[in-house]
Amino acid sequence: MKLVYTATRDAYGLEDICCTMTACELIHLLQNYDESTPVVLSFDNGYTYGGGGLRSAGSRKSGMKRGIPKMQTKKIYLAYGSNLNLAQMRHRCPDARLLGYTYLPNTRLVFRGSKTGSYLSIEPALEGEPRQVPCGVFAISKRDEQALDLYEGYPSFYYKQEYTDLPLYLLGHGTAQPHHFSGFAYQLPVDHPLGKPARWYMATCREGYRNFGFDTAVLDQALQDSDK
């Protein structure tokens, strides 16, 4: 058995990397494995693999930032729409750390909205239609959450829904990790009308699905379900 850790190619300099795992999060992940378990790095969604060792990053002479900013308060955020777009998420939530992905069982996506447009939301799946919503899993700081509150229009537009006992999957590795977790997602009340999203919003969501390797047919189904 090997622990496969997904490594992404995001930048040419250490100071330009915005989204990575902290030492604390890595320790929490590794405590579920035997000490002799080999760790393998996965690149480009499993196209190539490699090994590695630990070394110190940073240099006083270069003025490069050393280590990763400490997150004073962390919450687990479940992204399922436009914030799956990693470029957008890095800009909006600079402290966010991508942990992996998960699925919300017995749920479906629909587009609901207001005068400004229609946006994705999660709601219970219809009886007899087993569904699940794929989500990106992020550890976020307090200021990240405040930025998300502003973007989502919380609490006047979206509200926060807690989900518990969720499996965590690493990108490029289809096996669930041994420990489960809890997190929250922003959702719209069901009394908001169904509607059709703007093209720019749909394109942003599709790009996010491609970032995570999710099946965009889920978004197509949400469009169909919202046109009833």
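With which residue does the side chain of Glu-207 make a polar contact? In this predicted model, the partner is the side chain of Arg-210, at a distance of 3.1 Å. Glu-207 belongs to helix 4, which spans residues 199-212. Its relative accessibility is 33%, and Glu-207 therefore counts as partly exposed. The chain also brings Glu-207 together with a part of the sequence 125 residues away: the C-alpha atoms of Glu-207 and Ser-82 are separated by 8.4 Å.

Arg-108 lies in strand 6, formed by residues 107-114. Because its relative accessibility is 9%, and buried means under 20%, Arg-108 counts as buried. Its side chain is joined to that of Glu-123 by a polar contact of 2.8 Å. When residues up to four places away in sequence are left aside, Glu-123 is one of the residues that Arg-108 touches, and others include Ser-121, Arg-131, Val-133 and Asp-225. Ser-141, for its part, occupies the loop between strand 8 (132-140) and helix 3 (142-152). Ser-141 has a relative accessible area of 6% and is therefore buried. A polar contact of 2.8 Å links the side chain of Ser-141 with that of Asp-95.

The elements on either side of this loop can be taken in turn, beginning with the strand. The largest nonpolar core of the model comprises 45 residues. Tyr-77, Leu-78, Tyr-80, Leu-109, Leu-120, Phe-138 and Phe-212 have the most contacts inside this core. Strand 8 is the element that gives the most to the core, contributing six residues. Phe-138 touches Phe-212, and its contacts beyond four places in sequence also include Ile-76, Tyr-77, Leu-86, Met-89 and Leu-98.

Helix 3 comes next. Which of its residues are buried? They are Asp-144, Glu-145, Leu-148, Asp-149 and Glu-152. These residues are on the same side of helix 3 because they cover an arc of only 140° around the axis. Arg-143 and Leu-150, on the other side of helix 3, are exposed. The buried residues of the helix pack against several elements: strand 4 (75-79), helix 2 (86-92), strand 8, strand 9 (159-170) and strand 10 (173-187). Just after helix 3, Gly-153 adopts a positive phi of about 70°.

How values were computed. Residues numbered from 1 in each chain as written. Predicted model: local features only at pLDDT ≥ 70, side-chain atom pairs only at ≥ 80, totals over all residues. Heavy atoms only, no water. Helix = DSSP H or I, 4+ residues; strand = E, 2+ residues; numbered from the N terminus. Buried < 20%, exposed > 50% of the residue type's maximum accessible area, 1.4 Å probe, protein only. Polar contact = N/O pair within 3.5 Å; in protein donor to acceptor, adjacent residues only side chain to side chain. Contact = heavy atoms within 4.5 Å. Core = buried A, V, L, I, M, F, W, Y, C linked by side-chain atoms within 4.5 Å. Arc of directions from axis to C-beta.
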